[in-house]
Amino acid sequence: MSLSRNDVAKVGLLARLALSESDLDTMTRELSTIVGFVGQLEQIDTTNVAPLAHPLDTQNVFRADVPQPSLTTAQALQSAPRHDGEFFLVPAVLGDSGAN
Amino acid sequence: MTATLTAAVPFTTVIGLEVHVQLQTRTKLFCGCATTFGAAPNTQVCPTCLGLPGSLPVMNRTAFELAVRAALALGCKIAPFTKWDRKNYFYPDLPKGYQISQFDLPFSSQGALEVVDPKGALTRNVRITRVHLEEDAGKSMHDETAGTGDTRIDLNRAGTPLCEIVSEPDLRSPQEARAWLNELKLLLVYLGVSDCNMQEGSLRVDANVNLHIPCDGGRIAKTPIVEIKNMNSFRSVERALVYESARQYEEWQATKAEMGKTPKQTRGWDDPAGVTRAQRHKEESSDYRYFPEPDLVPVTVSEEWLAATREAMGDPPSVLREALAATWKIPPYDADVLVNQGRELVSYFEDLAGRVGEGKVASNWMQQDVLRTLNERGGSIDDFPVRPAAVADIIGRVAKGDFDTSRAREIFAEVLASGRTVDDVVASMGIAAVDDDELISLCRELLAANPRVVADVQGGKEQAAAGLIGQAKKKNPNVNPGKVRAMCLELIRQM
Amino acid sequence: MQPSDMSAVDLVTAVRHGDLTALRATEAFLERIERLDGQINAFLSVDREGALRTAAAIDEKRKKGQPLGPLAGLPVAVKDALCTFDQPTTCASKMLAGFRPPYDAEVVARLRAADAVIVGKTNMDEFAMGGSNENSAFGPVHNPWDLTRAPGGSSGGSAACVAADMAPVAIGSDTGGSIRQPAGLCGITGLKPTYGRVSRRGLVAFASSLDQIGPMARSAGDCALLLETIAGHDPGDATSLESPVPPYGADLDRPLEGVRIGRVPAHFGAGLCPEVAHAVEEAFAAFRAAGATIIDIDMPHADAGVATYYLIAPCEASSNLARYDGAHYGHRAEPGRLHPAEPGGHRAEPGKGSGASGGGFESALVEMYCRSRAEGFGPEVKRRIMLGTYALSAGYYDAYYAKALKVRRLIRQDYLDAFEKVDLIGGPVSATAAFKLGEKSGDPLAMYLVDLYTVCTNLAGVGGISFPCGFTKGGLPIGFQLQAPALAEPLLLRATDRYQHLTDWHRRRPAIAARPR
């Protein structure tokens, strides 16, 4: 399995990683090798095998709906690259993502 | 009403809605931060909802239970096994870089909610595709006047529990969509699932809409589906859909473009301008790379748990309307008006009707006096100063003939204004029952002073006696007009 | 006896009895850090003042007759992947350089509550991704047994500081072998507990379904002491197990009669260095001599472990590391570079580089993300983010991620089947002893294969321990690994302790650790 430079560039955008021209070359080569390696799983028969996403069998873990102390605004913002004492500041975007 | 509107246009509007409601919990979905609306920015945040390194989510039991309650009320099937997934995308109001949501195994699916229009003939069953539980994002604020300035991020809302309710495209007009949303809101408020306050963002609606246009040869042309966002009231939903239907029809006439040939378009509703506008389409935005959230464990819902939830749930509005009409023998219209005002008002009415013993009388008082003044004053029925016992007292005295309905209204208004008891108000207004002796002497006086009326009545014009009532009221405001009339007629007969 | 020569168990006993002050113990280790760490680079930060203050407070407590915690006066080094509110937490990444979390990891909080003395934060592969510690943004750790060699990774700093007696015990984390492999290459004892035994809250996540924190020390007894403090249910971690914590040190000296240890013949294939194979077989013989029964077993899907791991871990990592985007904390690219449209600004050339759609970045925000992440992450972290993003993306999910989850189930089933026949599974930790720094760094895939013997433990969620079982002719330690069913830590520790009573490999110290004359 080999990836094209274009594939890698697309993945780079999805992953929000700027890749230079030479990064793209290296990454295309290395990812192709690694994807080729992990692709060997294809040979394993997994008919009727259910995926296992997690090693635990536990279920139904909840917490009570009881408020706990929050951080102070100063603590929340203490590591922010840019803030105005109230808000985190980021380069201009318009609107909420809406979590939809 | 809807039927005539849709009949007037040469297409059918096909609408599906996606509703996000904030669940009425004290804390966020995955951490103990409060969800109080209007707090100062970034004061209700902790490592978990800030997405700090090493932080972990733990599910809020109440949030899950409220979501199940909503799904049950919507007639959904509750999945015996459900899990959470990560929806990956970058946005500064989403500090983890992923939203914890549900992808392939939502906790419920396949429900329905009817649109009820008691005034018209229309009732439509709108199917619910799925209901799932997810976390909200924070708020991004951009000062557009500043042009290229920074965007400010407040993460107080990040991690707030949301229930996403997705309908099938079963709605057939903007009006119907609005009516359905009203019913949905009423249901969720009744069940205590959400306060559904759109101003505070606890209820948000996106609409998917396209047109089915009959063409020559019986073929139906389907216009491309458009998703409308940014509608901040049910009224704007209706307006946006009306606008969008017209826009799509115009576009179809010009381009004949049909569904499936272009990707789904997203348009934002500009309320002041009254138009929808195309939003920029991000090519890669649809690749959310969902995968199971490894920091949470799945939830299995037992039959016992479901039974207990059903038990604790209370009646939904549709059941309550029927029950109210049947129990108190009131018309469906009355039941609808009362139920649509919310559970607290229904309790008030039931208390009042129980005391009065006559549903229709109580219902009339509710609609003409209690509701009218409540709407004028604002506030909730629970804080309304005139309690059911007082209203029942007033109604009871009218029935006994102590005073008439218009006098009763004055008493009601005075009790409301002064906060005093009915007894107090009746006494201070000098309202005392007029005894029969007093009444007889008053009527004799009137007849003596009005020989013309006496003559008219004797001549067969009984209605002439009405002229005496105003005079009687002037002499003694407490007299019962009906009794005055009856007594005068009796005395004339005896002459 | 110098505090640095004492076992952790003896050290806390001495402090409790007043034979040694916490301050004296802490000073002794700080002095060694000062003297040795310039050559080893095991620490990313040392909290000298904080440690001395804590130690003095513990001595004060004792003087006043107040109760002391079970680790009173014990210096502990903590991997820099665990959050500490009073010290930087960087994960050895430029992305988090200088980052101070506003909270303590649960394990750190438990250590403090037990009156341990946290001396510093240890070096590691960036975001725990690597097997050599060369992926640290702050320089590699040097193996105390041979400074030209790698200590293993990712908990290389924790392993090296214990090996060089700069701390009696350390905390590591293990996602695919990151405790056991460096323990093996540095000649110490390291335990990866059952998934869920130790809270992950405050451990900077690499792959959430695989990560587990564990103790690293010179012996099984010391690991038991540390595990007893850090293990246990945490309501703040939904994947934390509720089972009660047994007294891990209580049962260590019970003989191994009746214990069945599985041996996997396939482990001794062509890739295994003969010296390692020999030492491992010798260890099996020692276990037999100690009363255990050795039974050959088959783990049919073990070969697929590395490929499975290098899909699942990067997929989870690609998501876990999305939060490092320069928006709320961590590295943000210089604003001067953020406005490509400005005259004189750097503008991405059309058609060049990625993060660009049809030329420049689609917005200042996207550019800030792409450049901050490009600058903040090292090459291995980027590779894994890219790999995971690719394997989860539309069209590839089923072929890669979903397939790996199915094989994961087969691997776990192998363990369930094996533990029907045996109580423990033994074998090598790594195919070779410590390799030279730089030897594998040009070949990512060769580095991944280093994890051959360790990744399946994490995929199955069971426990594993690694400890020294011999030395190469060149004087490098060789590690032995035992794996056990879920929550069988008592047996892992007991078997290791029994072995360590028969052998003295774990007592050997590297030359660099010898006290100056």
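Q: How many bridges join strand S5 (residues 85-88) of chain B to S6(B), and do these strands run parallel or antiparallel?
A: In general, strands of a sheet pair through backbone hydrogen bonds, in either a parallel or an antiparallel sense. Here S5(B) and S6(B) run antiparallel and are joined by 4 bridges. Within S6(B), Tyr98(B) is the bridge partner of Asn88(B). The model is predicted: local features require pLDDT of at least 70 and side-chain atom pairs pLDDT 80 or more, whereas totals for chains, interfaces and linings use all residues. Residues are numbered from 1 along each chain as its sequence is written, while chains are lettered from A and ligands numbered from 1 in the order in which they are written.

Q: What is the order of the open sheet of 3 strands in chain B, and which are its edge strands?
A: The order is S6-S5-S17 (chain B), with antiparallel pairing; two strands pair if DSSP finds at least two bridges between them. The edges are S6 (98-101) and S17 (291-292) of chain B, each of which pairs on one side only. Strands (E, at least two residues) and helices (H or I, at least four residues) are DSSP runs, numbered from the N terminus.

Q: In what order do the 11 strands of the open sheet in chain C lie?
A: The order is S1-S3-S2-S4-S6-S5-S10-S11-S9-S7-S8 (chain C), and the pairing is mixed. The edge strands, each pairing on one side only, are S1 (43-46) and S8 (293-296) of chain C. On average, neighbouring strands of this sheet are turned by 30 degrees against each other, direction ignored. One parallel pair is that of S7 (residues 260-263) and S9 (residues 424-428) of chain C, over 3 bridges; there Gly262(C) stands opposite Ile425(C) in S9(C). Helix H5 (residues 156-163) of chain C packs on the sheet, its direction making about 155 degrees with that of S4(C); the strands it touches include S1 and S2 (75-79). Helix H15 (residues 489-502) of chain C also packs on the sheet, touching S5, S9, S10 (463-471) and S11 (477-484) of chain C, and its direction makes about 10 degrees with that of S10(C).

Q: At what angle do helix H11 (residues 388-400) and helix H12 (residues 405-418) of chain B cross?
A: Two packed helices are described by the angle between their axes and the distance between the axes. The axes of H11(B) and H12(B) come within 10 Å and cross at roughly 160 degrees; axes are lines fitted to C-alpha atoms, for helices over the stretch in contact, and angles run from 0 to 180 degrees between N-to-C directions. The two helices are therefore roughly antiparallel, since angles over 145 degrees count as such, under 35 as roughly parallel, 65 to 115 as roughly perpendicular and the rest as oblique. Ala390(B), Ile394(B) and Val398(B) in H11(B) meet Thr405(B), Ala408(B), Ile411(B), Phe412(B) and Val415(B) in H12(B). These residues divide into 7 nonpolar, 1 polar and no charged. Residues are in contact if their C-beta atoms, placed from the backbone, lie within 7 Å; Ala, Val, Leu, Ile, Met, Phe, Trp, Tyr, Cys and Pro count as nonpolar, Asp, Glu, Lys and Arg as charged, and the others, Gly among them, as polar.

Q: At what angle do helix H3 (residues 61-73) and helix H6 (residues 303-313) of chain B pack?
A: The angle is about 75 degrees, with the axes 10 Å apart, and H3(B) and H6(B) are therefore roughly perpendicular. Glu65(B), Val68(B), Arg69(B), Leu72(B) and Ala73(B) in H3(B) meet Thr309(B), Arg310(B) and Met313(B) in H6(B). By class, this contact has 4 nonpolar, 1 polar and 3 charged residues.

Q: Which pattern does chain A follow along the sequence, and why is chain A described as more spread out than a compact globule?
A: The pattern is α-α-β-α-β. The radius of gyration of chain A is 22 Å, well over the 13 Å that the globule rule gives for 100 residues, so chain A is more spread out than a compact globule. The radius is taken over C-alpha atoms, and the rule is 2.2 Å times the number of residues to the power 0.38.

Q: How many residues does each chain give to the contact of chain C with chain A?
A: Chain C gives 59 residues and chain A gives 46 residues. On the side of chain C that touches chain A, the largest share, 11 residues, comes from H12(C). That side divides into 31 nonpolar, 15 polar and 13 charged residues.

Conventions:
Contact = placed C-beta atoms within 7 Å.
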